Amino acid sequence: MLISIDGERVDPAAATVSVFDRGFLFGDAIYEVCATHQGKLTMLGAHLDRLEASGAAIGIDVASMRAGLEAEIARLIEECPGEGERYVRIMITRGASTDFDLAEAETEPKQIVLVKQLKPWEPRLYEAGIDLLCVSPDQLVARIAPSVKSNNRQANVMAHRFARAQGKDDALFVDTQGNVTEGPSWNMFGVKEGKLWTSPLAGGVLPGITRSTVLKIAAELGIEAEERAVSQEEALASDEWFITSTTRGVMPVASLDGRAAPAGSPGPLTQRISAAWRALADG
Ligand code: PDD
């Protein structure tokens, strides 16, 4: 694993931030996760665009850091030893506040880049699919600005822990209107009668880069896809489901709230999308 803080290489064992850092104090920080495919970093531009948008939403100027971050990421990927693919995490905190002032940081934003080997997901998760549980985060901890990739992830952590404690792999958020949105670290898709559905961006989800690629793939394959609100009942009545994220790609869902996917897992449409996504990523 290689880490740099504000452009300086740091031994991972000594890679620490101050207890006064606002990322630690308030979750006042943003981040991005990207990955390599066949050794090449993919979609970096889209990830940095989203980091800029997250920064704009909370008042951190990421645009001015962009060239430096790109150079640092390239350098760390080049130098990171080991086999397999790389996981890249970019973290920007607003800086430190020794007086715990809510409004202002006393220092410049802290820029952290971490590159390590991407731990492959267990093959069974792709072969059989994962088991999801619908969780209303507002019963646990309310979600904050889902469209911003903020370090403030208490709701995501609580929902995931809740689902795991019930013996499931992960949670699917249900919003206060009863619509399913996304998972703690992925976007959700369902299939009903040959058509894809996924929650609209305005419905309180992260604008996932894999989500957007899957929507493009669906259009190319002539598969109809709708970005619309879907209730928990409608989600449960779907034929198949899958989830998307940078580190997972397209991962099938075997069951939702204990109901097995009627079309099997991975279902036929999930398999088509997944194969097309792999071909694109590999190509
Ligand atoms: N998670 N929704 C949430 C809440 C996420 O945190 C993520 C990404 C996604 C999928 O976005 P993308 O396809 O751009 O990775 C959706 C990353 C992988 C993470 O936090 O590790």
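Close-up 1. Arg-66 is buried, because its relative accessible area is 17% and the limit for buried is under 20%. The view comes from a predicted model. The side chain of Arg-66 meets that of Glu-70 in a salt bridge, with 3.7 Å from N to O. Helix α3 covers residues 66-79 and holds both residues, which are four residues apart, about one turn of the helix. Glu-70 has a relative accessible area of 36% and is therefore partly exposed.

**Close-up 2. Lys-195 and Glu-224 in a salt bridge.** The side chains of Lys-195 and Glu-224 meet at 3.6 Å, N to O. This pair links distant parts of the chain, 29 residues apart: Lys-195 belongs to strand β11 (residues 195-198), and Glu-224 to the loop between α6 (209-221) and β12 (225-227). Lys-195 is partly exposed, with a relative accessible area of 31%. Glu-224 is also partly exposed, with a value of 46%. Both residues belong to a network of salt bridges that also includes Glu-226, Arg-228 and Glu-234.

**Close-up 3. Lys-110 and Asp-6 in a salt bridge.** In the salt bridge between Lys-110 and Asp-6, the closest N and O atoms are 3.1 Å apart. Lys-110 has a relative accessible area of 24% and counts as partly exposed. Asp-6 is partly exposed as well, at 39% relative accessibility. The count for the structure comes to 17 salt bridges, one of them being the pair of Lys-110 and Asp-6.

**Close-up 4. The tilted pair of Phe-20 and Phe-100.** Two aromatic pairs are found in a search of the whole structure. In the pair of Phe-20 and Phe-100, the ring centres are 6.1 Å apart and the planes stand at 45 degrees, so this pair is tilted. Phe-20 lies in the loop between β2 (8-10) and α1 (22-26), while Phe-100 lies in the loop between β5 and β6; the pair links distant parts of the chain, 80 residues apart. Phe-20 is partly exposed, with a relative accessible area of 30%. For Phe-100 the relative accessible area is 48%, and this residue too is partly exposed.

**Close-up 5. The stacked pair of Phe-189 and Phe-242.** The rings of Phe-189 and Phe-242 have centres 4.9 Å apart and planes at 10 degrees, so they form a stacked pair. Phe-189 is part of strand β10 (residues 187-192) and Phe-242 is part of strand β14 (residues 240-245), so the pair ties together parts that are 53 residues apart in sequence. Phe-189 and Phe-242 are both buried.

**Close-up 6. A negative surface patch that includes Asp-101.** Asp-99, Asp-101, Glu-104 and Glu-106 form a negative surface patch. Asp-101 sits in the loop between β5 (86-93) and β6 (110-117). At 31% relative accessibility, Asp-101 is partly exposed.

Definitions and conventions: Residues numbered from 1 in each chain as written. Predicted model: local features only at pLDDT ≥ 70, side-chain atom pairs only at ≥ 80, totals over all residues. Heavy atoms only, no water. Patch = residues over 30% accessible without salt bridge, like charges linked within 9 Å, V, L, I, M, F, W, Y side chains within 5 Å. Areas by Shrake-Rupley, 256 points an atom, 1.4 Å probe, with all protein chains shown as cover. Salt bridge = Lys/Arg side-chain N within 4 Å of Asp/Glu carboxyl O. Lys, Arg positive; Asp, Glu negative; His and termini not counted. Charge placed at Lys NZ, Arg CZ, Asp CG, Glu CD. Helix = DSSP H or I, 4+ residues; strand = E, 2+ residues; numbered from the N terminus. Buried < 20%, exposed > 50% of the residue type's maximum accessible area, 1.4 Å probe, protein only. Phe/Tyr/Trp six-rings, centres within 6.5 Å; stacked < 30°, edge-to-face > 60°.
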